Amino acid sequence: MQQKNFEILGGEPEVGSKPIKGWTIGVPVEAEAIKQLKNISALPFVYSHVAVMPDVHVGKGATVGSVIATKGAIIPAAVGVDIGCGMAAQRLRFSSNALPESLGHLRAAIEAAVPHGRTDNGGKNDRGAFGKVNVFNHPSKAVREEAESLRKHLETITARHPKIKRAAERAWHHVGTLGTGNHFIELCLDETDQVWVMLHSGSRGIGNAIGTYFIAKAKEEMGRFFIHLPDKDLSYLPEGSRYYNDYIEAVTWAQRFAALNRSVMMHATLDAIHKTLGLPVDSDMEALSCHHNYISEEKHFGEKVLVTRKGAVNAHEGTMGIIPGSMGAKSFIVRGKGLRESFCSCSHGAGRVMSRTEAAKTFTLEDHIRDTSGVECRKDAAVLDETPKAYKNIDDVMAAQADLVEIVHTLKQFLCVKG
């Protein structure tokens, strides 16, 4: 029989609110995050309870690291604006003894192959670097076919919602780009010394535009029905309302686009490794991919519900997932245990213990260099907001969710490319 190693956060629920079940024993949870969770739990359409992952921290409206099942409505801000953000990982056939002593040129090759950050040929643009790949002429037939299918579908979405048309036109320039913030590409070694490629990114500018647009529409709906909320970012779209189905359609599209983006980046990264090291980059296992900002129609406790995972991963029984640490910490390939109380979910990473601004003020470059010892990565002040100590201890996070997933592989990065 499975253990149920959760705690009730925020005390016993008030009348009309649902319980908040947290797999957070042994990890810190901010008071402000508890407040956000209580706001969510009081919404009338929330189903059964709110499930909280051990990497939980404050987000916009809804906490990052929360799983919200609903019946009859959806909260766009609970999905967020990095729609479909997630992970991809692939194990290669060679081990560390095939790697050169110096890895700087390999990191440079990956950085050259996968645009990242916010510049494009020295100029600024609003959603980061432009890609170098014409996705409609990609060497992979599967990539070409998916891109064409997505292009046609996006045209039907923008015909109904022309405000996202500009972002839609730019979307194809963002395929194969990493972005900024906590997005990354890493090369890791597992417990058998095999090399892995792991990357983290999402739907880029078009996902941001879709999320921002429908969050605003949800706020308009609240005004139209005179619904007053403790936090306007929890504005929701009732089922049957004007934008409900359109939002679900657009989010589902963005999730596919995010998966396509990760696929193109993985192709580019593997090509850069092959050209730089002269090694084959074929794999002896199926590539892994998982979303952690998304919606899914599922059945829980006998009811069909809409599950929103914001900073959480599908952990249905037997489902493989990826849980990264920080720039200097371990990461994990996991297999879901299918615990129903968590809505079959697990954490999406370590989770922040402080904001980006606070981290940049708290830690020094010397701290960062020490904490990323042995990792070929950026070691400059501009990445202090992503320094390892800005995140929770990944071992504590994994211990807190031991009944949610089993660890299949433990990875430790030796090279990291940050956006």
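Mentor: Let us begin with the salt bridges. A search of the whole structure, which is a predicted model, finds 25 salt bridges.

Trainee: Which residue forms a salt bridge with Arg107, and how far apart are the closest N and O atoms?

Mentor: The general idea is to look for a side-chain nitrogen of Lys or Arg within 4 Å of a carboxyl oxygen of Asp or Glu. Here Arg107 pairs with Glu111, and their closest N and O atoms are 2.9 Å apart. The two residues are about one helical turn from each other because they are four residues apart in helix 3. Arg107 counts as buried, because its relative accessibility is 15%.

Trainee: Which parts of the chain are tied together by Asp246 and Arg160?

Mentor: Asp246 forms a salt bridge with Arg160, again with 2.9 Å between the closest N and O atoms. Asp246 belongs to helix 7 (residues 244-277) and Arg160 to helix 4 (residues 141-160), so this pair ties together parts that are 86 residues apart in sequence. For accessibility, buried means under 20% relative accessible area. Asp246, at 18%, therefore counts as buried, whereas Arg160 is partly exposed at 39%.

Trainee: Where in the chain are Asp233 and Lys219?

Mentor: The side chains of Asp233 and Lys219 meet in a salt bridge with an N to O distance of 3.2 Å. Asp233 is in the loop between helix 6 (204-224) and strand 11 (237-238), while Lys219 is in helix 6; they are 14 residues apart. Asp233 is buried, with a relative accessible area of 15%, and Lys219 is partly exposed, with 34%. Salt bridges may also share partners: Arg352, Arg356, Asp385, Glu386 and Lys418 are joined in this way into one network.

Trainee: Let us turn to the sheets. What is the strand order in the open sheet of seven strands?

Mentor: The general idea is that strands of a sheet pair through backbone hydrogen bonds, either parallel or antiparallel. In the open sheet of seven strands, the order is 12-6-10-9-19-17-16, and the pairing is antiparallel. Its edge strands are strand 12 (288-291) and strand 16 (320-323), each of which pairs on one side only. On average, and ignoring direction, neighbouring strands of this sheet are turned by 30° against each other.

Trainee: How many bridges join strand 9 to strand 19?

Mentor: Strand 9 (residues 184-189) and strand 19 (residues 405-418) run antiparallel and are joined by six bridges. Helix 3 (residues 104-113) lies across strand 9 and strand 19, and runs at about 90° to strand 19.

Trainee: What is the strand order in the open sheet of six strands, and what is its pairing?

Mentor: This open sheet of six strands has the order 1-2-3-4-14-13, with mixed pairing. Strand 1 (7-8) and strand 13 (293-300) are its edge strands, each pairing on one side only. Eight bridges join strand 13 to strand 14 (residues 303-310), and these strands run antiparallel. Ser296 has Val307 in strand 14 as its bridge partner. Helix 1 (residues 31-41) packs on the sheet and touches strand 2 (20-22), strand 3 (46-57) and strand 4 (64-70); the direction of helix 1 makes about 165° with that of strand 3. Helix 7 lies across strand 13 and strand 14, at about 115° to strand 13.

Trainee: How many residues does the largest nonpolar core have, and which have the most contacts inside it?

Mentor: The largest nonpolar core has 45 residues, and Met198, Ile322, Ile394 and Val405 have the most contacts inside it. Leaving aside residues up to four places away in sequence, Met198 touches residues including Met87, Phe184, Ile322 and Leu411. Another core, of 35 residues, lies apart from it; Ile74, Trp172, Ala254 and Leu260 are among its residues.

Trainee: What radius of gyration does the protein chain have, against that of a compact globule?

Mentor: With 419 residues, a compact globule would have a radius of gyration near 22 Å, and the 21 Å of the protein chain agrees. The chain has 10 helices and 19 strands, and 58% of its 419 residues count as buried. Among contacts between residues at least 6 apart in sequence, 75% join residues at least 24 apart.

Terms used. Residues numbered from 1 in each chain as written. Predicted model: local features only at pLDDT ≥ 70, side-chain atom pairs only at ≥ 80, totals over all residues. Heavy atoms only, no water. Pairing = 2+ DSSP bridges. Axes fitted to C-alpha atoms, helices over the stretch in contact; angles between N-to-C directions. Contact = heavy atoms within 4.5 Å. Buried < 20%, exposed > 50% of the residue type's maximum accessible area, 1.4 Å probe, protein only. Core = buried A, V, L, I, M, F, W, Y, C linked by side-chain atoms within 4.5 Å. Rg over C-alpha atoms; globule rule 2.2 N^0.38 Å.
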